[in-house]
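This report covers selected local features of one structure. It turns to a helix, then a strand, then the confidence of the model.

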Amino acid sequence: QSQRQIIFLLPPPRSLQFFTLSLLSCLSLRRSSVAMIPFFTVCEQSHIFVLCVHPDLREIVFVIQSQSNSFHVRQAERRRAELLKQAHSLSEKPPVILLLHGLSDNEGDWSILPLLPYLSYSFGKNSSWIVFLEEETSVKLNKFVEVLAKFDKNKEWFLGKPLHDEESTIIHHYAFAENPSIFKYPDFAASWVLSIPLVVRLANKVRDEPLKSDFTIDLKHEVALYIWDSGKGPHLTAVPELCTEPEDSPRAQSCATTLSTESPLCGEPVNKEDIFVAVKTCRKFHSERVPVIKKTWEKDALFLEYYSDHADPSIPTINLGVPNTERGHCGKTFAILKRFLSSAVPKTKWLLVVDDDTLISLPRLQILLSCYNPSEPVCLGERYGYGLSQGGYSYITGGGGMVFSREAVLQLLNSGCKCYSNDAPDDMVLGMCLNALGLPVIHSPLFHQARPEDYAGDFLAHQVPISFHKHWNIDPIAVFNKWLKDDSRATASDGLNKSAKTEL
C-alpha cells in the first residue's frame, strides 16, 4: 500500500511450508502483529519493510562459562535446563549448549582463545553463532534470535554490551593511555557473541601464531584486544538488547539477556567463627596500613592475626620468623598455611589471606562462602592465569584476598608444595601446586586486585563487591565506606542477594 515494498528473506527449504503458512496468516495483519509471529521480525528502513527469518536454533552454540566446583556446576546446569525449556516451548529443535568446564582437561579453556580451534573444528560448518554466557546470564531465547537476525551471519561479528575505561589502568597494562575510553570490550555478564566466520579466522590465527601474552588478567579486555588486532579485526559492536539489568526490572522489557534474580541454592551465611583471617604486613606499614584495617573491617572478624617481620604488641603482630621481602612473600604465606593447621590458632573451616592494603567486606564473604562446601578443596578469589596457551596454570591473585577451605590447605601442604625462595610470588606458587594436584581455582568477580577506579563503572554497577586492593592515590576509608560497608539496619544477605547483584 502507498507504494511500500515488502522484501521476503526466504529460509532454508525445509522451513518453506511454515514460512508460507505464517506469511499467509500475517499479510493482512498490522505491522505490530507481524512482528510477534515466532521467528520473524519486520525490519523497516525508509519505505521498505523486510520480513526477517530468524536463525534456526541449531545454528546457535551456547557456551556457558562454567567452573568445575560443585556449586558452579549446579548453577550452569540450571542455566542449561532453562535454555532447553525455552527451546521446547518454542517447538524448536534445541541449540547446542556446552558447559565450558567439561569440554577438555585443558586448564586454559577458561581463557577462551585456546578453545577457539575446538569450536571452529566442531561447529564451523553447521553453525552460525557462538554465544558465551556466564552462569548468572538469563536469556530470553525468542528475543535473542530476533537480535541475531539483524546481523549477516556470513560476515565477521563481535557483539556485546560495551565497557570502557575512564582512565588508563594497571589491570589493562595502561592500554590506550592517551584516550582509554576509545576502546570497547564486552561485559561478559550480558553475554557476548562471535559469528562463525570470525571464529574460524581466529582459530586459524591461534593455531598458526602462538599467543603472545604470558599473563591473563582481565579476560574480557584481552579477548577484545586479540579480536581487534591493532585495527585489523572487528571492533565490538554494541547490541542494546544485551543487558545486565535484573530480569524483573521494568527496564529489562526490551532486553534479550538479563541477570538472573534467582538466589543461588545456598544456605545461611557462614558463621564468623568459621573463618580465620590472616593479614600479611611488615614493620614499615604498621602505622600506615594497619590502622585502616582497624577503622574499617577488623571488627567483623572473630579470629584475626597480623603477621609481620616484627612483633609489635600494640597491634598485636606475630613474627613468623620469615624475613620481610620486597616482593613475593611466599615464605610468609606458607608459614601462615602451616600455622592455620596447627594448634596455635582456633580450628576453623575457612582461611582468608589478605594483604595489609586489602579492603574487604567480611559479611559479604560469609554469604558467598555459604555456597561452597568446606569439605571440598576450595580455593577462591579473583583468578588470573599464566602461560595458559602453553600448558600453564591459573592462580588466585593475592591482593583481592585468597580464600582456602581447610581441606584445600591440607592437600596443598601434604603434597610437599613449597616455595623455591622466600620472595617467590606466593599466589603463583600456590597456583602451580594446585594445578599439579588437579585442584580447581575458583573465580569470583566480586574480588578485585585493584581499586574501584581501575574498573569500568558499568561493570561495577551490577555487583555487590567483596574486596578491593591498594591505597594508591585514594582515601581507603572513604572507598571502604562507599563500596564495602553495609547499612547496619539491613542484613548483609539483603544486600548481596538483592536482584541481579548476586553474581555468585
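At the start of helix α14 in this predicted model, a side-chain oxygen of Asp-475 comes to within 3.1 Å of the backbone nitrogen of Ile-477. The helix spans residues 476-483, and its buried residues are Pro-476, Val-479 and Phe-480. Viewed down the axis of α14, these buried residues fall within an arc of 100 degrees, so they line one face of the helix. An α-helix has 3.6 residues a turn, so residues three or four places apart point the same way. The cover over the buried residues of α14 includes α8 (290-295) and β20 (358-360).

Strand β14 covers residues 242-246; four of its five residues are buried, so the strand is largely enclosed by the rest of the structure. Its partner β15 (residues 257-259) pairs with β14 in the parallel sense, over two bridges. Leu-242 stands opposite Thr-257 in β15.

On confidence, the protein chain has a mean pLDDT of 88, and 85% of its residues reach 70 or more.

| Stretch | pLDDT | Contacts in the model |
|---|---|---|
| Residues 44-48 | under 50 | ten contacts beyond four places in sequence |
| Residues 497-504 | below 50 | 38 contacts beyond near neighbours in sequence |

Where pLDDT is low, the predicted coordinates should not be read in detail. That caution applies to residues 44-48, where pLDDT stays under 50, and to residues 497-504, where the pLDDT is below 50.

Methods:
Residues numbered from 1 in each chain as written. Predicted model: local features only at pLDDT ≥ 70, side-chain atom pairs only at ≥ 80, totals over all residues. Heavy atoms only, no water. Buried < 20%, exposed > 50% of the residue type's maximum accessible area, 1.4 Å probe, protein only. Arc of directions from axis to C-beta. Contact = heavy atoms within 4.5 Å. Polar contact = N/O pair within 3.5 Å; in protein donor to acceptor, adjacent residues only side chain to side chain. pLDDT = per-residue confidence, 0-100. Pairing = 2+ DSSP bridges.
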